[in-house]
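Take a look at the structure below. We will walk through it step by step.

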Amino acid sequence: MWLMCSRRCGSGLFRALFAEVEMDAQGAYLGHRITEPGYLCLNCGAPAVDLGVVAAEMDAEAAADVAPQPLEVLCPICETRVEILPGESCPNCGTDLEVSIG
Ligand SMILES: [Zn+2]
Ligand SMILES: [Zn+2]
């Protein structure tokens, strides 16, 4: 988790909006559990953003972007096992390799 004020006021203090606080019989704070993400900047009152979650979502989106996967093929000319992207030629001997995906 890395909270940042959405107004970027520079405050380093935030309040969780949805949290359950555990306490003992005298009401002394024991611990808490965030039930839903939602935070406020204590300095200016603007919503705060959890940059940790944003980064994780960006990672997930990047992973969803289907990057071309290198394929391991055996070049029929130089008989070398090479890893190429679809459409590339053999890095060893330069032969055009017809690689079909799937
Ligand atoms: Zn703020
Ligand atoms: Zn080759």
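Start with a turn. Strands β3 and β4 make a hairpin, with 5 residues lying between them. In that turn sits Gly45, with a positive phi of about 85°. Keep in mind that this is a predicted model.

Now look at the two strands themselves. Strand β3 covers residues 29-41, and strand β4 covers residues 47-50. They run antiparallel and are joined by 2 bridges. Which residue of β4 is the bridge partner of Leu40? Find Pro47 in β4: that is the partner of Leu40. Next, find Tyr39. Its bridge partner in β4 is Ala48.

How many bridges join β2 to β3? There are 9, and these two strands also run antiparallel. The hairpin of β2 and β3 has 5 residues between the strands. Gly27 belongs to this hairpin, and its phi is positive, near 85°.

In what order do the 4 strands of the open sheet stand? The order is β1-β4-β3-β2, and the pairing is antiparallel. At the edges are β1, residues 3-5, and β2. Each of these edge strands pairs on one side only. The sheet is twisted too: from one strand to the next, the twist averages 45°.

Step back to the whole protein. The domain assignment gives two stretches: domain 1 covers 3-64, and domain 2 covers 68-102. How far apart are the C-alpha centres of the two domains? They lie 49 Å apart.

The mean pLDDT of the protein is 88. Of its residues, 95% reach 70 or more. Where pLDDT is low, predicted coordinates should not be read in detail.

Conventions
Residues numbered from 1 in each chain as written. Chains lettered and ligands numbered in written order. Predicted model: local features only at pLDDT ≥ 70, side-chain atom pairs only at ≥ 80, totals over all residues. pLDDT = per-residue confidence, 0-100. Domains from an automatic or database assignment. Pairing = 2+ DSSP bridges. Axes fitted to C-alpha atoms, helices over the stretch in contact; angles between N-to-C directions.
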